[in-house]
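Subject: Structure for your review

Dear colleague,

Please find below the structure that I am handing over to you, followed by an account of what was found in it.

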Amino acid sequence: MLKSLQIEPEKCTGCLQCEMACSYEATGLFNPAKSRIKVFTFHEEGRFVPYTCTQCEEAWCMHACPVEAIVVNQATGAKEVLEDICVGCKVCTVACPFGTINYVQDTKVVAKCDLCGGDPECPKACPTDAITYVDADHTGLERMRAHAAQS
Amino acid sequence: MAWTKNVLRINLTDGSISKEPLNMEWANDYLGQRGLATKYLVEEIDPNCDALGPDNKLIMTTGPLTGTMVSTGGRYSVVTKSPLTGVLACSNSGGFIGNELKNAGWDMIIFEGKSPKPVYLYIENEKAELVPADEIWGKSVWEADEYLHKKYQDPLLRIAAVGRSAEAGCLYSGIINDLHRAAGRSGVGTVMASKNLKAVAIRGTRGVGNIQDSAAFMKATTEAKKVLAENAVTGEGLPALGTQVLMNVINEMGALPTRNMKEVQFEGAGDISGEAMLEPRESDGKPNLTTNAACFGCTIACGRISTIDRTHFTIENKPEYWGNSGGLEFEAAFALGSDCGVNDMDVMTYAQFLCNEDGYDPISFGCTVAAAMELFELGAITTKETDGIEFKFGSAEALAKAAEWVATGEGFGKDLGLGSKRLCEKYGHPDLSMTVKGQEFPAYDPRGIQGMGLAYATSNRGACHLRGYTVASEVLGIPVKTDPLETDGKAELVKAFQDGSAVVDSAGICAFTTFAWSMEDIAPQIDAACEGDWSVDKCMEVGERIWNLERDFNNAAGMTAADDTLPKRLLKDAANVGPAKGRVNDLGKMLPEYYELRGWTADGKLTDETRARFGL
Ligand code: SF4
Ligand code: SF4
């Protein structure tokens, strides 16, 4: 069974536990600047929106990469960056319509969400269940249910 | 470890900037943030220096847990000598800047001297530079924030700034970070402005590490987060209603300071409560509260994000206030509301927005307005001073005007910016000032909650709820229920809360965790993160050492046992209604026992033995 990250912004409080968990898993430090999930604050509207790669099936980044440094992890469905092969050309960052693959100056290669190899840290760290890791066939099911309840 | 072990020292007089290693011997004795920065300050300044002169220093400081995955680990503090009280000031704030400072690689910044011209400090990891602030001096915090974000093209730059109130010399100006979080009390912003320092803008991308035992730390913090989630206050009450969860509770027990503390219950409490913030309003069907919000790393998320009714007289022609911003917390709601006799939530939210926009403390501000209202009703202040406005209890117009005046220091705002003590002295009624050591009261009348009387009288920064929140025990039964009208055992209770708070404030976490966490939950998290032994006993010893260090400084700054008191009103005039009817605060019964427990002399000084015990 394939699983996906499901994000429900209306539950998010902007605490950035997810960013810390992500950066800690990826770099060993608590460093929101290096997180692959980002939480955006819309102050005037009073809204917090977590955002990260949705692991497209026909991933733009993967197709754009000239050196095949982005590959599919068959077990998780994640599109993963092979850091040894990536040449840092940034074409993928142009190709991704969502901006969720980014160049990192320190490592000189790009970074993106890799679902932590199938056991992602951000949903575990999120105190409000704004991020959950669910059966890929069920993304949106909760929201559908909530709307169904209102009809 | 967990400390970055780096201190950034900025001499504003000559513009020199240097890096020095953190004094780890002191870190072992004072932990971090409040305790450790106080140790630095005490060692470096003359207790009798002019708080607004170049000899005072101002320290921005994080704790060893700041910037880690511990819940609420985004806190930072500002430590300096207060212009309002003349003793130590230590104001704690959440938001995001504490983490950013830590991520840039610094435990603390020590500002000394006074800049010849207005400047701001820009930090990008290792790099720190003072930049002329001509473009933002004379501007509000919100304008400065917008300018700096634009200038550096960095939406994630974290900014702390002072507003126009501080520049105008308001004695209770704070430092606002992330638009609406505040190191609010005791005039720390006034000190910052007196140094011609407008803002600190930080970008940190180095990461926080140095965790002594990572596996143990992740385990301890995960368990402790569960405790917060499962607790009724931190898991339900605070996220849903914020600290405003307390408004109706405190009113019912006859401890809600009302009309400059003349009364202990407010007939309009329901209108300004946390519950009322959820009621849809007539004009647009939206409630005052849009959402709750968290500070960095916080799994409680008590923050209020609110709007004002667009049809309200304060903002109908001011679209710049139509959006969301930081709304009412309980302390502000009492000060702007019941204490002024005002039950109009929109005007209160407006005043709160201005407090954030121009950086002044809503508690001290509201209480000073309340004192001015009482002086007005007595005829000591007239419409001559108030620009023709009837400055009466309950007047939304007066509150709105007062907030606008203090924001810029214009007109009667100059007088209101003096704080309640100096205002009441100026207009000939010093007894009407509801202050301890010159600082205004928070939201708990000590006639109805006896232990709080002792906590206020002995607080090391003047009247304050965060220096020993016995409300937890006396009202909410945390960790054990004590009778709020009883004085027996309160000396011990106050001391335990004071010492515990000193640890929490020195670790880098939020005081509100202690609704759910005891030292048994906190110590293991510190212990896993930091080198050395951080058992419960060690933590409590450090807390007590910090308390004594602060007291010792305050004594040296001229404070005596005579200052450990409450306004006459609370000691002589009995509560007129409610469960505490007929009661005054029996401070006299608690204070001598407290001194003894502390190991102080009858005149409130540290004995030699106490000094030796803590190596002071
Ligand atoms: S951990 Fe959850 S609540 Fe916190 S910022 Fe991330 S998504 Fe939002
Ligand atoms: S409990 Fe409230 S004040 Fe404390 S860190 Fe969390 S959101 Fe901030």
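How many bridges join β9(B) to strand β12 of chain B, and do the two run parallel or antiparallel? Four bridges join them, and the strands run antiparallel. Please bear in mind throughout that this is a predicted model.

Strand β9 and its partners

Strand β9 of chain B spans residues 158-161, and β12 of chain B covers residues 197-203. Within this pairing, I159(B) stands opposite A201(B) of β12(B). Strand β9(B) also pairs with strand β10 of chain B (residues 175-177), in the antiparallel sense and over two bridges. There, A160(B) has N177(B) in β10(B) as its bridge partner. Both faces of β9(B) are covered: R158(B) and A160(B) are buried on one side, as are I159(B) and A161(B) on the other.

The sheet β13-β14-β15

A further part of chain B holds an open sheet of three strands in the order β13-β14-β15, with antiparallel pairing. Strands β13 and β15 (325-326) of chain B each have a single partner strand and stand at the edges, so one side of each is left without a neighbour in the sheet.

The end of helix α12

Helix α12 of chain B comprises residues 362-378 and includes L378(B). The relative accessible area of L378(B) is 52%, so this residue counts as exposed. L378(B) and H429(B) are 51 residues apart along the chain, and their C-alpha atoms are separated by 9.9 Å.

Ligand 1 is surrounded by 14 residues, of which the closest are C12(A), C15(A), L16(A), C18(A) and C126(A). By type, the shell around ligand 1 divides into 10 nonpolar residues, four polar and no charged.

Chain A also carries a nonpolar surface patch of about 510 Å², made by F40(A), F42(A), Y51(A), W60(A) and F98(A). Of these, F42(A) lies in strand β2 of chain A, residues 38-42. Its relative accessibility is 34%, so F42(A) counts as partly exposed, the cut-offs for that class being 20% and 50%.

Yours sincerely

How values were computed. Residues numbered from 1 in each chain as written. Chains lettered and ligands numbered in written order. Predicted model: local features only at pLDDT ≥ 70, side-chain atom pairs only at ≥ 80, totals over all residues. Heavy atoms only, no water. Patch = residues over 30% accessible without salt bridge, like charges linked within 9 Å, V, L, I, M, F, W, Y side chains within 5 Å. Areas by Shrake-Rupley, 256 points an atom, 1.4 Å probe, with all protein chains shown as cover. Salt bridge = Lys/Arg side-chain N within 4 Å of Asp/Glu carboxyl O. Buried < 20%, exposed > 50% of the residue type's maximum accessible area, 1.4 Å probe, protein only. Near = heavy atom within 4 Å. Nonpolar A, V, L, I, M, F, W, Y, C, P; charged D, E, K, R; others polar. Pairing = 2+ DSSP bridges.
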